[in-house]
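Subject: Structure handover

Hello,

Here is the structure I said I would pass on. My notes on it follow below.

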Amino acid sequence: MRRMESAGLLSCFVAQRHPLTPSKSGSHIAMTTTIDPTQADPNAHNGEENTMPSFGQRPGHRVFIETYGCQMNLADSELMGGILGTSGYTAAPNHDEADVILINTCAVRERAEERVFGRLSHLLRYKHARPEVILGVTGCMAERLREDITERAPYVDLVVGPDAYRRLPKLIAESQEVENDPVVDVKLDRDETYEGLSPKRTPGISGWVTVQRGCDKFCTFCIVPFVRGRERGVAPDEVLRQCRDLAERGYREVTLLGQTVNSYRHEDTDFADLLELLVDVDGLERIRFTSPYPTDFTPKLIETMATHDEICNYLHLPLQSGSDDVLERMKRRYTSGEFLDLVGQIRETIPDIAMSTDIIVGFPGESDEDYQQTVDLLEEVRFDFAYLFKYSERDGTNAARQLEDDVGEDVKGERLSSLIERQEEISGEVFKNRVGQTVQVMVIGESKRDAQDLCGRSDDFKMTVFPRPDDRELNPGDFVDVRVTDATSHTLLGEPVFR
Ligand code: SF4
């Protein structure tokens, strides 16, 4: 079992990494490791990287963007790269050669924020070496902790919230003029969807397009609505333009991003309509989306998913708890029974769909009985995998204001370990059930464990490893049928099949 740090809540991670789910459960992933494109989850491009392409350098205009957090943040870093690119900025290959260093941050988890403060201390050496370097903090943490940042890291020149990226070139120019005070722009804008801008994309096979920004749900454990503002959908034409652009650049797969992506609406277009528009984009073979909110799942959307092969047979459906009392305290808008009904409807229409979920244990007031109801529901649904988190209070959330964090750390830990153990067993059984079947895999690249093997994702999001064929070349983005011969609780193993 892999454990990974996530934001918002203490977390343990069962099965594959997932793009946005952490934010739902308060668990944005915060990592600073460089991505290995052959191993990274194509949908969860977490890590640190410079998302701007490198071309002619202009003095004072070389930027390095370091990204923490979920896929939405990575998409935002690409957006910032695009905005800065049109103002003459180019990508610096590393911090040493950058004139502007931007840290795009995640606020969902306290430890992620502390990590950014640690990182800022480390980056101070660039300011010592070259005082003219502009050091900026962008994203959710900039929104939430603007004052703390300017107090604890007074050498930071720029603090820019998620709705102010359009003004980034101007803000950088201002900060180059100002001697001491940082330039701060954290104004939330309920209309900003960054339409008409072109993100600077890292070349690849799987890209993402943000179709919705903000969130209106206000789950009591979550900080997202406070740092990303109110929900708004990107115009369908704009989404279409970006998807076509991805396809023209050779991407084969797109993941549509939104905090509650299926509540997407723009004028008369709902999420199902949006998917209908995108399935016809030439060259895009797979469409994924994350993360849907259970009560926004409509029969029309289920039908749309069932109708189009391009829409992958995988759904991440955050549950959070199997107890109705806890769900109510979380201000989730469904009961466990309603969740089960929805799973039933989806499976009836799309029988082979894979499902994953987020669950939080140890939420305020969670009794042994509440916890047992979560275990029971996990067993009943039998998710393919799950992202399991231990609740930790987050300043600024409604839960922190209104509910006592009264479940002991030891109890939370025991519940989490036990739930992980159970989910591991279920995942192992679900994955083993695929043995003997043939899955279509989109090749990502060489397997990390053995250079003789290749890896890729099945349509239902399972990492699949298979021997590199001797007689033909397979490149990232190629599709290959793989007959599954074995499985672990995280990976399918198989043999490529050529007809
Ligand atoms: S629905 Fe909105 S408020 Fe609830 S967990 Fe997701 S992002 Fe947070």
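**Notes on the model**

In β20, the bridge partner of Gly456 is Thr464. These residues belong to strand β19 (residues 453-458) and strand β20 (residues 463-467), which pair in the antiparallel sense over 5 bridges. Two strands are taken to pair if DSSP finds at least two bridges between them. Helices (H or I, at least four residues) and strands (E, at least two) are DSSP runs numbered from the N terminus. Both strands are part of a closed barrel of 5 strands, β18-β19-β20-β22-β21, with mixed pairing. Its twist averages 50° from one strand to the next; axes are lines fitted to C-alpha atoms, for helices over the stretch in contact, and angles run from 0 to 180 degrees between N-to-C directions.

This is a predicted model, in which local features need pLDDT of at least 70 and side-chain atom pairs count only at pLDDT 80 or more, while totals for chains, interfaces and linings use all residues. Residues are numbered from 1 along each chain as its sequence is written.

**Whole chain**

The chain has 15 helices and 22 strands. Of its 499 residues, 52% count as buried. A residue is buried if 20 or more other C-beta atoms lie within 10 Å of its own, exposed if 12 or fewer, and partly exposed in between, with C-beta atoms placed from the backbone. Among contacts between residues at least 6 apart in sequence, 74% join residues at least 24 apart; a contact means that the two C-beta atoms, placed from the backbone, lie within 7 Å.

**The open sheet**

An open sheet of 6 strands has the order β3-β2-β4-β5-β6-β7, with parallel pairing. Ile103 stands opposite Val137 in β5.

Helix α2 (residues 71-85) lies across β2 (62-67), β4 and β5, and runs at about 170° to β2. Helix α6 (residues 168-177) packs on the sheet and touches β4, β5, β6 (158-160) and β7. The direction of α6 makes about 160° with that of β6.

**Strand β11 and its partners**

Strand β11 (residues 253-257) is mostly covered, with 5 of its 5 residues buried. Glu253, Thr255 and Leu257 are on one side and Val254 and Leu256 on the other, so that both faces are covered. Strand β8 (residues 206-210) pairs with β11 in the parallel sense over 5 bridges, and Trp208 stands opposite Thr255. Strand β14 (residues 286-290) also pairs with β11 in the parallel sense, over 5 bridges. There, Val254 has Ile287 of β14 as its bridge partner.

Ile287 also turns up in the surroundings of Leu278, which it touches along with Leu240 and Cys243, not counting residues up to four places away in sequence. Leu278 is found in helix α9 (residues 271-278). Leu278 counts as buried because 24 other C-beta atoms lie within 10 Å. From Leu278 to Cys243 is 35 residues in sequence and 7.4 Å in space, C-alpha to C-alpha.

How do helices α10 and α12 cross? The axes of α10 (residues 299-307) and α12 (residues 336-349) come within 9 Å and cross at roughly 30°. The two helices are therefore roughly parallel to each other, the cut-offs being under 35 degrees for roughly parallel, over 145 for roughly antiparallel, 65 to 115 for roughly perpendicular, and oblique for the rest.

Ile302, Glu303 and Ala306 of α10 make the contact with Gln345, Ile346 and Thr349 of α12. By class, this contact has 3 nonpolar, 2 polar and 1 charged residues. Here Ala, Val, Leu, Ile, Met, Phe, Trp, Tyr, Cys and Pro count as nonpolar, Asp, Glu, Lys and Arg as charged, and the others, Gly among them, as polar.

Phe297 is found in the loop between β14 and α10. With 21 other C-beta atoms within 10 Å, Phe297 is buried. Leaving aside neighbours within four places in sequence, Phe297 is in contact with Asn262, Pro292, Ile302 and Leu342. The C-alpha atoms of Phe297 and Ala272, 25 residues apart along the chain, are separated by 9.6 Å.

Regards
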